[in-house]
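Biologist: Hi! Could you walk me through this model? I'd like to start with the backbone and then talk about pockets.

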Amino acid sequence: HPSYYHRNSIQQLELPHRKAALIVPAFETLHYRLTFPKSKAELLSMLDMGSLYTFRYHVWPKGHAPTDYAKWRTATVPYRVAWQPDFEPYVVVRRDCPRYDQRFVGFGWNKVSHIMELDAQEYELLVLPNAFMIHMPHAPSFDISKFRLSAGYRGCLQTLREEFHQDLSRRYGAAALKYLTAERSL
């Protein structure tokens with residue numbers, strides 16, 4: 001049962017006394033009806049048969065690649081991963097973790113900026129070896145449509161990203177340089 005597993009993981013990893021973000025590996029299906037896998041083994045079988053994919057593999061692999069799905073396949077214990085540009089995993093964190101930056105409403109950069117902030121505050125990014133989630137297909141959101149169709153929307157998002165980087169630099173000094181450097185090299 002997922003919530004039992006998460007509670008167990010939280011206790012074993014001593015999350016209440018540790019700065020860690022538990023990463024729940026994300027997958028997706030293109031089918032509107034799916035029998036949810038009852039185990040990791042069943043999920044891996046569905047992945048190998050092509051009825052599931054790693055999340056956004058076709059359109060935005062950078063968002064979840066640092067999860068290291070190849071390692072996850074055989075992992076039996078949580079493993080640490082490093083922050084990389086555009087990483088936007090789904091995480092379980094303590095209630096007192098940094099909040100999402102409210103500038104990023106709508107589509108774009110809400111999860112990316114949150115993970116950067118967690119990393120800047122030296123949270124460990126730990127992938128859970130037996131957890132997973134599956135994204136189901138749905139109609140595009142109003143906000144992603146605006147992002148795709150409006151140069152103004154994309155321009156505003158870019159301005160907010162630059163402001164966010166400046167704020168990180170003010171708060172974390174030289175430690176935040178890696179985020180700006182990574183952004184500029186993309």
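Biologist: Let's begin with D68: in which loop is it found?

Modeller: D68 is found in the loop that runs between β3 (53-54) and α3 (69-74). Keep in mind that this is a predicted model.

Biologist: Thanks. What is phi for D68?

Modeller: D68 has a positive phi, about 65°, although it is not a glycine. Most residues other than glycine have a negative phi.

Biologist: And is D68 buried or exposed, or something in between?

Modeller: D68 counts as partly exposed because its relative accessibility is 32%, and that class lies between the 20% and 50% cut-offs.

Biologist: Where does W109 lie?

Modeller: W109 sits in the loop between β5 (90-92) and α4.

Biologist: Buried or exposed, that W109?

Modeller: W109 is buried, since its relative accessible area is 7% and buried means under 20%.

Biologist: Great. Changing topic, what volume does the largest pocket have?

Modeller: The largest pocket has a volume of about 1,000 Å³. Its lining is made of 33 residues, and the closest to the pocket centre are R56, E88, F107, I144 and R148.

Biologist: Which elements give two or more residues to that lining?

Modeller: Those are α4 (110-120), α5 (142-149) and α6 (151-172). The largest share comes from α5, with 4 residues.

Biologist: How does the lining of the largest pocket split by class?

Modeller: The lining has 16 nonpolar residues, 9 charged ones and 8 polar ones.

Biologist: Now the whole chain, please. How many helices and strands are there?

Modeller: The chain has 7 helices and 7 strands. Starting at the N terminus, the order is α-β-β-α-β-α-β-β-α-β-β-α-α-α.

Biologist: What percentage of the residues is buried?

Modeller: Of the 186 residues in the chain, 41% are buried.

Biologist: And what about the accessible surface of the chain?

Modeller: The accessible surface is about 10,900 Å², and carbon and sulfur atoms account for 56% of that.

Biologist: Last one, on contacts: what share joins residues at least 24 apart?

Modeller: Taking contacts between residues at least 6 apart in sequence, 75% join residues at least 24 apart.

Definitions and conventions. Residues numbered from 1 in each chain as written. Predicted model: local features only at pLDDT ≥ 70, side-chain atom pairs only at ≥ 80, totals over all residues. Heavy atoms only, no water. 1 Å grid on protein atoms, 1.4 Å probe; cavity = no way out; pocket = protein on both sides within 12 Å on 5 of 7 lines; lining within 4 Å. Points joined across faces, edges and corners; volume = space filled by probe spheres on them. Nonpolar A, V, L, I, M, F, W, Y, C, P; charged D, E, K, R; others polar. Buried < 20%, exposed > 50% of the residue type's maximum accessible area, 1.4 Å probe, protein only. Contact = heavy atoms within 4.5 Å. Areas by Shrake-Rupley, 256 points an atom, 1.4 Å probe, with all protein chains shown as cover.
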